Amino acid sequence: MADEAAVRAQADTVRRLKQEKAEPDEIAKEVAKLLEMKAQLGDEGKSKFVLKTPKGTRDYSPKQMAIRERVFNAIITCFKRHGAEVIDTPVFELKETLTGKYGEDSKLIYDLKDQGGELLSLRYDLTVPFARYLAMNKITNIKRYHIAKVYRRDNPAMTRGRYREFYQCDFDIAGQFDPMIPDAECLKIVHEILSELQLGDFLIKVNDRRILDGMFAVCGVPDSKFRTICSSVDKLDKMPWDDVRSEMVEEKGLSPEAADRIGEYVQLHGGLDLIEQLLQDPKLSQNKLAKEGLGDMKLLFEYLTLFGITGKISFDLSLARGLDYYTGVIFEAVLLQQENDHVEESVSVGSVAGGGRYDGLVGMFDPKGRKVPCVGVSIGIERIFSIMEQKVEASAEKIRTTETQVLVASAQKKLLEERLKLISELWDAGIKAEMLYKKNPKLLNQLQYCEDTGIPLVAIVGEQELKDGVVKLRVVATREEVDVRRESLVEEIKTRTSQS
């Protein structure tokens, strides 16, 4: 049990870290410890209940939800523009459905407590449940999107948009098609969404699992080490080459010569010219897998040229994507941040979308091992959402959290019945309307409520207006007032709010 002195000491630690502007993750860890100690200390012998969300999760305020809706709408509009259907799957799956699909990341899966029935786990992504859905329903052809929460027992850096519970937005094309046409469309979708959201400059890195595997083979990596070396290469966007090299050699037992040969390749990135160069490479061109991958990559770049998006695409040999199920093209979109005005080189501020081809995953679930080729993309909504939130904060843009078009108000007393009658007429006509829940509200308070919540119009009922069969419509921003015939009010509100 924590005593009061220990709690005070921990509180001092937290204060010191905040003054020293320590890493947000470190502060969060110590704050969590302090809250736990306070909870143990309790209140007069009763343990005190700490009101907090679980680690790695967060609540969303109405303002945050309004920004989130804006992002979701842009993404869903794009998915629909490309002809996708929508599905949903359970938030938990049988444990064995998820086991062995994620390589080294399998340790991050949340297993649910055995309730004396099936062994279950929370879903880790939307791709494996999608493959299970296809195999179970014997579907061999579908273009679908799925937006839902997934769960990872990560050590979250919540400041950077990493959580234990978070949304994924996936778009996948399943079916047997001619090479690289669906793959090119997935990249076009990423390009459309990131352009639409105006998050800043971005780059989509592209590689192919077959090129990687071919490269590992010609560099002398034993077959048994392909996947584990692959997950080391995947860290190159976060760690310098020397650190990745020592992880390969010291922790994973790769020979230093093989590591150095990998080093020569993984630092290459470019476009069609690099693909041509590698097709002439004496070692790589002799490897069947790499040659296939490079041939498809060349085709992909031809299609991307037709789409007019190659300016934002980079063929990057260091891109590995840690998941085990990828079999062909892989890609990842990163946002770029100009370091400063004097430096041309831009730095990546993290991945905002990723995906690739996984032709074998559905076959793992099919009793007869029938394969359904798939390619898909996942939009990193949380990271995007964090950036959008920061942008809104910085621009001091006022975000409306409701869509109310008009407030029904009265300027005199004893008009509650008339306000209720009018608001009911408006609701029935499909107008988004509110009124204050008071019998005799002051007009000033009603107008102030509109200012505070961004309601653009006020419909004012008064004795004289009722006699004349009109309603006084006031525009909040300009304070202009017009008398509108009661029967024309709905149309007038619709006209005035459709322009705003």
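Trainee: Before we start, what do I need to know about the numbering and about how the model was treated?

Mentor: Residues count from 1 along each chain as its sequence is written, and side-chain values use heavy atoms, with hydrogens and water left out. This is a predicted model, where local features need pLDDT of at least 70, side-chain atom pairs count only at pLDDT 80 or more, and totals for chains, interfaces and linings use all residues.

Trainee: How many helices and strands does the protein chain have?

Mentor: Helices (H or I, at least four residues) and strands (E, at least two) are DSSP runs, numbered from the N terminus. The C-alpha atoms of the chain fill a box of roughly 90 × 65 × 60 Å along the principal axes. The secondary structure inside comes to 18 helices and 16 strands.

Trainee: What percentage of the 500 residues is buried?

Mentor: Buried means under 20% relative accessible area, exposed means over 50%, and partly exposed is in between, using a 1.4 Å probe and protein chains only. With that cut-off, the buried share of the 500 residues is 46%.

Trainee: In which order do the strands of the open sheet with β13 and β16 stand?

Mentor: Two strands pair if DSSP finds at least two bridges between them. The sheet has 5 strands and its pairing is mixed. β13 (433–434) and β16 (481–485) each have a single partner strand, so one side of each is left without a neighbour in the sheet. The order is β13-β12-β14-β15-β16.

Trainee: Which residue of β16 stands opposite Val 470?

Mentor: Strand β15, residues 470–475, is joined to β16 by 5 bridges, and the two run antiparallel. Val 470 has as its opposite number in β16 Arg 485.

Trainee: What angle does helix α16 make with β12?

Mentor: Axes are lines fitted to C-alpha atoms, for helices over the stretch in contact, and angles run from 0 to 180 degrees between N-to-C directions. Contact means heavy atoms within 4.5 Å. Helix α15 (residues 416–428) packs on the sheet, touching β12 (406–410), β13, β14 (457–461) and β15, at about 165° to β12. Helix α16 (residues 443–453) also touches β12, β13, β14 and β15, and its angle with β12 is about 175°.

Trainee: How many nonpolar residues are in the contact of α7 with α8?

Mentor: The axes of α7 (residues 209–219) and α8 (residues 226–233) come within 11 Å and cross at roughly 110°, which makes α7 roughly perpendicular to α8 (65 to 115 degrees; under 35 is roughly parallel, over 145 roughly antiparallel, the rest oblique). Residues in the contact include Leu 212 and Phe 216 of α7 and Ile 229 and Val 233 of α8. Ala, Val, Leu, Ile, Met, Phe, Trp, Tyr, Cys and Pro count as nonpolar, Asp, Glu, Lys and Arg as charged, and the others, Gly among them, as polar. The contact has no polar residues, 3 charged ones, and a nonpolar count of 7.

Trainee: Is Asp 125 buried or exposed?

Mentor: UniProt, in an unreviewed entry, lists Asp 125 among the residues of a "binding site"; such annotations may be inferred rather than shown by experiment, feature names are shortened, and positions follow the numbering used here. Asp 125 is in the loop between β3 (120–122) and α5 (127–136). Leaving out residues up to four places away in sequence, Asp 125 touches Tyr 102, Val 150, Arg 152, Gln 168 and Tyr 325. With a relative accessible area of 2%, Asp 125 is buried.

Trainee: Which residue of β5 stands opposite Tyr 145?

Mentor: Strand β5 (residues 165–174) is mostly covered, with 8 of its 10 residues buried. Strand β4 (residues 142–151) is joined to β5 by 10 bridges, and they run antiparallel. Tyr 145 faces, in β5, Phe 171.

Trainee: Which elements do the buried residues of α5 pack against?

Mentor: Helix α5 is mostly covered, as 8 of its 10 residues are buried. Among them are Val 128, Phe 130 and Leu 134. They pack against β2 (92–94), α4 (95–98), β4, β5, α13 (361–365) and β11.

Trainee: Last one: is Lys 21 buried or exposed?

Mentor: Lys 21 lies in the loop between α1 (4–19) and α2 (24–41). Lys 21 has a positive phi of about 55° although it is not a glycine. Its relative accessible area is 74%, so Lys 21 is exposed.
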